[in-house]
Amino acid sequence: MATAAPRRFCRCACFCSQNLYVARYGLHLRFRDEQQLRRDYGPLLRSRGCVTSKDFQQLLEELEQEVGRRRRLGQESAARKALIASSYHPARPDVHKALQDAALAPEFVAAAEYSASPGADLEGLLQRLEIVSEEKRIYRVPVFSVEFCQALLEELEHFEQSDMPKGRPNTMNNYGSVAGASLIATGPLWSSMRWARTWSWAATTTTLSSPSMWLWARPSQGVPYTLGASSR
């Protein structure tokens, strides 16, 4: 009996060379090698305090370490998920079950159902969305109910306080947890959203009806904020 081929994970090559943050100089850099770094950022780096050979060598080492960290993310994430799946005990098991319609905000359900109805158009869809800026054509809609959000926050806080390994969103954030990458038990929740296909139709309707409009998706990460403490 033939076995299924292993799943491949692909990432954009630019992930390991673009937008590398250096806190010491307050810069996001593109980095491929030393020659490119000197050519593209030499004057700017000197203006920010990277003056001596030692300064530049420290910067090179920092960038190479970050590139290495990004290249290892896939392997480290897989190992982290396996450990969490075998050892983590959730505070709210209901959050990890397949998502039910009751967890969705009524506004989202209305927009999704309308988008799948005969004759749905951009004007009708926008009537079901909140207007953030009509001039800039920015709209939004709540996805989850208040009750589900409260339960999810309780679970994320419980996970953050546990001794489970955490996946951090980026090098600018030392406290955020990447829910999709760290909290493996949320997998059934995100993957079982039967309404995702319905909403994708709404998105398609919106973008194809107006080429000047863009969709903006947010990654699933949570960042705790404590009064008097940095969130980074």
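Tyr-88 is buried, with a relative accessible area of 10%. Welcome to a quick tour of this chain, which comes from a predicted model.

**Aromatic pairs**

- A pair of aromatic rings is described by the distance of the centres and the angle of the planes.
- The count for this model is two aromatic pairs.
- In one of them, the ring centres of Tyr-88 and Phe-159 are 5.3 Å apart and the planes stand at 85°; planes over 60 degrees apart count as edge-to-face, so this pair is edge-to-face.
- Tyr-88 sits in the loop between helix H2 (53–87) and helix H3 (106–115), while Phe-159 belongs to helix H5 (residues 146–161), so the pair ties together parts that are 71 residues apart in sequence.
- Phe-159 also counts as buried, at 1% relative accessibility.
- Phe-144 and Phe-148 make up an aromatic pair that is tilted, with 4.8 Å from centre to centre and 40° between the planes.
- Both of these residues, Phe-144 and Phe-148, are buried.

**Arginines over rings**

- Arg-38 lies over the face of Phe-56, at 3.8 Å from the ring centre.
- Arg-70 lies over the face of Phe-15, at 5.0 Å from the ring centre.

**A closer look at helix H5**

- H5 is made of 16 residues and spans 23 Å from its first C-alpha to its last, close to the 22 Å expected at 1.5 Å a residue.
- Its buried residues are Phe-148, Ala-151, Leu-152, Glu-155 and Phe-159.
- Viewed down the axis of H5, those buried residues fall within an arc of 100°, so they line one face of the helix.
- An α-helix has 3.6 residues a turn, so residues three or four places apart point the same way.
- Turned away from the buried side of H5 is a face that carries the exposed residues Val-146, Leu-153, Glu-157 and Gln-161.

**The chain as a whole**

- The secondary structure comes to eight helices and six strands.
- Reading from the N terminus, the elements follow the order β-β-α-α-α-α-β-β-α-β-α-α-α-β.
- The chain has 232 residues, of which 32% count as buried.
- Among contacts in the chain with a separation of 6 or more, 63% come from residues 24 or more positions apart.
- The accessible surface of the chain is about 15,600 Å², and 55% of this belongs to carbon and sulfur atoms.

Note on methods
Residues numbered from 1 in each chain as written. Predicted model: local features only at pLDDT ≥ 70, side-chain atom pairs only at ≥ 80, totals over all residues. Heavy atoms only, no water. Phe/Tyr/Trp six-rings, centres within 6.5 Å; stacked < 30°, edge-to-face > 60°. Helix = DSSP H or I, 4+ residues; strand = E, 2+ residues; numbered from the N terminus. Buried < 20%, exposed > 50% of the residue type's maximum accessible area, 1.4 Å probe, protein only. Lys NZ or Arg CZ within 6 Å of the ring centre and 35° of its normal. Contact = heavy atoms within 4.5 Å. Areas by Shrake-Rupley, 256 points an atom, 1.4 Å probe, with all protein chains shown as cover. Expected span 1.5 Å × (residues − 1). Arc of directions from axis to C-beta.
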